[in-house]
Amino acid sequence: MEEEQEFETNATEFDNLVEFIRKKTLDIPNQLGDERKLLVDSVRKMIQDSASLVQSMELCVRDMGSSASPHILSNLEERQKRQSKLNAELNSAIRRMPDIEKQRDQLFGDMGSGPGDVEMGHISAHEELRGHYTTMDKGSRIIEDSIATAQRTEDMAASTMAELERHEETLLRSRDRIDRTGENLTKARRILRGMMRRMRTNKCLIIFIIILLLAGVGVMIYFVIPKGEKKPTPTPSPRP
């Protein structure tokens, strides 16, 4: 059955997408700055795609009508529940995110505190130079961490894009099916209106034929059935 096959295809796509969404959701608290924002936006977009897949499965079940098996109905109900949990899991992950501004202040506070803040008269030139090297080393590590973060962001964006492209065909197929269903409903309404018009026309024609038949029968009865014969009136006898 075409609807059942499409339901199973959408269900498989939904399961794979939900697994990918949960994996990315668990990674949100570990991200910082723009990388975190990009990941949250990507997860929200994928949740919308999973909702579209659930709607497509609901449409398939509606098309199957009473022929839908209990197994399919149970699978649909299970995936509806899983879909409703995705936003809650995303919000929970966002609440677990660390305080980025506080960490940034601590980081730059550590960079600002060094041997250079001590009075010049109480440290040697060697210690001051070592303090500058320490600060430069911290700056270098920050730059390396930023480059690594940018690389992870790029890899994550590429992975997300590949996943979205993989689901694009399914979503387009579901949209085409919805469009075809709308066109079929429009054609069905036109056919029903035409049938109603023909039924009314046939009804009027039948009534007219019945009236003609009744009129014909009445005419036949009038001319065919003989009327009662009149008795002859007696002629009076002549008087003598």
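The second largest pocket is lined by Lys45, Asp49, Ser52, Gln55, Ser56, Leu164, Glu168, Leu171, Leu172, Ser174, Arg175 and Ile178. Two elements, helix H2 (33-64) and helix H5 (125-224), each give two or more residues to this lining, and H5 gives the most, with seven residues. A pocket here is an open set of points on a 1 Å grid over the protein atoms alone, where a 1.4 Å probe fits and protein lies on both sides within 12 Å along at least five of seven lines; lining residues have an atom within 4 Å of a point. Helices are DSSP runs (H or I, at least four residues), as strands are (E, at least two), numbered from the N terminus.

Keep in mind that this is a predicted model: local features need pLDDT of at least 70, side-chain atom pairs count only at pLDDT 80 or more, and totals for chains, interfaces and linings use all residues. Residues are numbered from 1 along each chain as its sequence is written, and side-chain values use heavy atoms, leaving out hydrogens and water.

Now for the rings: a search of the whole structure finds one aromatic pair (ring centres within 6.5 Å; planes under 30 degrees apart are stacked, over 60 edge-to-face, the rest tilted). The ring centres of Tyr222 and Phe223 are 5.1 Å apart and their planes stand at 90 degrees, so this pair is edge-to-face.

Stepping back, the protein has five helices and zero strands, giving the pattern α-α-α-α-α along the sequence.

Notes: Rings of Phe, Tyr and Trp (its six-membered ring) pair if their centres lie within 6.5 Å; planes under 30 degrees apart count as stacked, over 60 as edge-to-face and the rest as tilted.
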